[in-house]
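Biologist: I am new to this structure and would like to go through it with you. Could we begin by looking at it together?

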Amino acid sequence: MRKVEDIVFPKLTEDFAEWKAGHYGSDYVILESATILEKPSLRNLGNITILVDAPVELRESRAVERDGASPEAVRRRMKNQHLMNSISEGSAKVDVDYIVRNDSTEAELHEKLRNIAENML
């Protein structure tokens with residue numbers, strides 16, 4: 001796995017830097033990546049880090065609905081998401097600037113994120 005990471009992460013960093021440069025002058029650009037939480041060396045990709053989290057059970061039910069997968073298949077996949085599961089359960093802390101609880105409607109999530117964006121400007 002280390003060999004794959006040694007190839008992928010430098011390329012990810014380079015690609016994002018190029019993409020971000022193409023948006024110079026924008027108020028902000030967004031990179032969605034749970035990997036940033038697990039690989040602190042990637043934290044320099046942005047100025048702030050926002051963690052959007054939901055309870056494990058809700059993440060599972062949303063994945064079942066979104067992917068059309070069985071609950072068992074989703075649970076097997078989620079079992080490998082050790083850090084996110086620990087964060088959702090409250091047993092792990094991460095170095096982020098904002099934590100947004102995504103346990104309600106999509107409109108409420110957008111409102112929470114809009115408030116953060118307005119505070120950034």
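Modeller: What follows is a short exchange on a helix pair and some charged side chains. This is a predicted model, in which local features need pLDDT of at least 70 and side-chain atom pairs count only at pLDDT 80 or more, while totals for chains, interfaces and linings use all residues. Residues are numbered from 1 along each chain as its sequence is written, and side-chain values use heavy atoms, with hydrogens and water left out.

Biologist: Which class describes the crossing of α3 and α4?

Modeller: The axes of α3 (residues 56-67) and α4 (residues 71-79) come within 9 Å and cross at roughly 125°. Angles under 35 degrees count as roughly parallel, over 145 as roughly antiparallel, 65 to 115 as roughly perpendicular and the rest as oblique. The pair α3 and α4 is therefore oblique.

Biologist: Is E5 buried or exposed?

Modeller: E5 is found in helix α1 (residues 2-21). Buried means under 20% relative accessible area, exposed over 50% and partly exposed in between, with a 1.4 Å probe and protein chains only. Because its relative accessible area is 16%, E5 is buried.

Biologist: How far apart are the closest N and O atoms of E14 and K11?

Modeller: Both residues lie in helix α1, three residues apart, about one turn of the helix. E14 and K11 form a salt bridge, meaning a side-chain nitrogen of Lys or Arg within 4 Å of a carboxyl oxygen of Asp or Glu. For E14 and K11, the closest N and O atoms are apart by 3.9 Å.

Note on methods: Axes are lines fitted to C-alpha atoms, for helices over the stretch in contact, and angles run from 0 to 180 degrees between N-to-C directions. Helices (H or I, at least four residues) and strands (E, at least two) are DSSP runs, numbered from the N terminus.
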